[in-house]
Amino acid sequence: MREGNLALSFGNSICELKPAGTFQYSRLASELAEKGKEIISFGIGEPDFPTPRHIVNAAINALRDGFTKYVPPQGIPEFREEIARHVSEFTGTGDIIPEETMVLPGAKQAIFLAIASYVEPGDEVVIPDPSFYSYEHLTRYAGGKPIFVPLKEENDFRMLPEDVQTLITNRTKMIIINSPHNPTGTVLTEADIRGILDLAKENSILVVSDEVYDHYIYEERFTSVLTDPEWRDFVVYINSLSKTYSMTGWRLGYIVANKEAINRFTLFAVNSYSCTTSFAQKAGVAALSGPQDFFVDILEKYRKRRDFLYHELNKIRGVRAKNPAGAFYIFPNIKEILEQRKLSTEEIVMQLLKKTGVVMLPGTAFPHKAGEGYLRISYGLPIKDISKGLEKFKEFL
Ligand SMILES: Cc1ncc(COP(=O)(O)O)c(C=O)c1O
């Protein structure tokens with residue numbers, strides 16, 4: 001719907017964009033912090049370790065060497081080579097070539113580009129519910145219609161092929177997959193992935209797969225959509241350096257897709273932002289080509305935090321949590337507590353924040369109905385803070 005007066009008459013697309021559902025909580029948390037209240041935030045969607053030194057140094061060296069000008073819109077050749085090699089190895093796909101890659105300023109930009117390049121007004125886009133808010137907002141921006149697949153707790157919040165199947169119509173243009181999943185931490189099984197990909201192939205539907213948490217895997221093996229030998233025909237794969245290398249502020253993401261798609265996406269870059277920051281891409285090369293063993297310790301630390309949260313949350317009366325297999329989020333069910341107190345998920349989150357300074361996010365911020373009655377708790381913070389925050393949460397309850 002158009003908004004505003006005539007002189008400032010924004011177009012329909014821009015009016016479809018909404019703030020992140022988490023915005024009001026982070027804003028209030030900052031206000032409380034400014035007034036001196038101690039804030040413990042389980043709201044953050046980023047890791048807490050610093051970007052590894054060798055990556056930072058690569059950017060510093062690039063700056064010192066004057067690598068500060070425009071670079072190719074689809075990314076510098078050496079970074080695209082590293083992406084092709086890294087993704088081929090990590091996913092087990094084996095044969096991705098640099099021409100099938102594109103560097104972008106973050107996975108979010110890649111999500112935008114994928115949706116804006118394919119979705120036309122009236123097209124239906126199948127989106128998991130709950131899910132990362134950009135999928136819905138950007139689908140609406142493109143004039144598309146989000147079709148939500150409710151992820152059920154009894155199915156470990158997996159997006160099941162049979163649930164997706166019931167939603168497919170002759171208007172379905174795209175299915176969005178996100179595994180490991182924000183906000184539930186669920187990792188889809190190989191059978192889930194194969195089932196969804198088969199459905200997409202049978203019905204000529206494009207699959208956009210957001211795999212930004214692919215290194216945060218605690219249990220089962222991770223399956224990428226790129227393991228399908230026919231991926232070039234119907235897949236846009238999205239990843240980023242934000243979560244694995246703790247580079248959220250660097251804005252480095254990438255797409256893997258067939259060459260024709262990459263050529264089209266490149267035209268968007270040429271006409272809108274020219275290129276991804278030159279010296280950041282040098283850091284990206286260092287990240288992908290450098291030592292990867294630092295992540296072993298990180299993953300162990302995150303696993304301990306996850307296990308701690310899982311055990312402690314399940315000790316609280318009225319709270320029921322699954323132990324998620326991936327990402328760094330846990331998604332406890334608090335429906336019993338809400339029923340007893342006649343509160344909505346948003347209300348309890350707001351009260352918790354105001355009274356205790358603890359930030360937990362309502363499942364409804366992601367961004368639709370299925371998150372009602374759940375909290376998203378991020379464990380991108382040290383275990384001593386997790387413990388303190390949980391104590392405050394228990395006291396509050
Ligand atoms: C599922 C998912 N995709 C994409 C992003 C954004 O990643 P980037 O920092 O690379 O834009 C996030 C960030 O929270 C996310 O949770």
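This is a predicted model: local features need pLDDT of at least 70, side-chain atom pairs count only at pLDDT 80 or more; totals for chains, interfaces and linings use all residues.
**Entry 1: Lysine 243**

I began with lysine 243, which sits in the loop between strand 7 (235–240) and strand 8 (253–256). Residues are numbered from 1 along each chain as its sequence is written, and side-chain values use heavy atoms, with hydrogens and water left out.

Is lysine 243 buried or exposed? Lysine 243 is buried, at a relative accessible area of 13%. (Buried means under 20%, exposed over 50% and partly exposed in between, with a 1.4 Å probe and protein chains only.)

Next I looked up what lysine 243 touches, where contact means heavy atoms within 4.5 Å. Leaving out residues up to four places away in sequence, I found Gly45, Pro47, Phe49, Val212, Tyr213, Tyr216, Phe328 and Tyr329. I also checked serine 344: it is 101 residues from lysine 243 in sequence and 31 Å away in space, C-alpha to C-alpha.

**Entry 2: The largest pocket**

I turned to the largest pocket, which has a volume of about 690 Å³. My search ran on a 1 Å grid over the protein atoms alone: a pocket is an open set of points with protein on both sides within 12 Å along at least five of seven lines, a cavity is a set where a 1.4 Å probe fits but cannot get out, and lining residues have an atom within 4 Å of a point. Grid points are joined across faces, edges and corners, and a volume is the space filled by probe spheres set on the points.

Helix 2 has the largest share, with five. Sorted by class, the lining has 16 nonpolar, 11 polar and six charged residues. (Ala, Val, Leu, Ile, Met, Phe, Trp, Tyr, Cys and Pro count as nonpolar, Asp, Glu, Lys and Arg as charged, and the others, Gly among them, as polar.)

**Entry 3: Helix 6**

How many of the nine residues of helix 6 are buried? Seven are, and the helix is mostly covered. I listed them as Tyr133, Ser134, Tyr135, Glu136, His137, Leu138 and Thr139. They pack against helix 5, strand 3 (124–129), strand 4, strand 5 (172–178) and strand 6 (206–210). Just after the helix, glycine 143 takes a positive phi of about 90°.

**Entry 4: Aromatic rings**

I counted 20 aromatic pairs in the structure. (Rings of Phe, Tyr and Trp, the last by its six-membered ring, pair if their centres lie within 6.5 Å; planes under 30 degrees apart count as stacked, over 60 as edge-to-face and the rest as tilted.)

Phenylalanine 49 and phenylalanine 294 make a tilted pair, 6.2 Å centre to centre with 55° between the planes. Phenylalanine 49 is in the loop between strand 1 (40–41) and helix 3 (53–64) and phenylalanine 294 is in helix 11 (residues 294–315), so the pair ties together parts 245 residues apart in sequence. Phenylalanine 49 counts as buried because its relative accessibility is 12%.

The rings of phenylalanine 157 and tyrosine 374 are edge-to-face, because their planes stand at 80°; their centres are 5.6 Å apart. This pair also links distant parts of the chain, 217 residues apart. Both partners are buried, phenylalanine 157 at 4% relative accessibility and tyrosine 374 at 5%.

One aromatic cluster includes Phe49, Tyr213, Phe294 and Tyr329 among its members.

**Entry 5: The largest cavity**

How many cavities of 30 Å³ or more does the structure hold? I noted three. The largest has about 50 Å³ of space. Its lining includes Phe157, Met159, His181 and Leu188, and by class it has six nonpolar, three polar and no charged residues.

Terms used. Helices (H or I, at least four residues) and strands (E, at least two) are DSSP runs, numbered from the N terminus.
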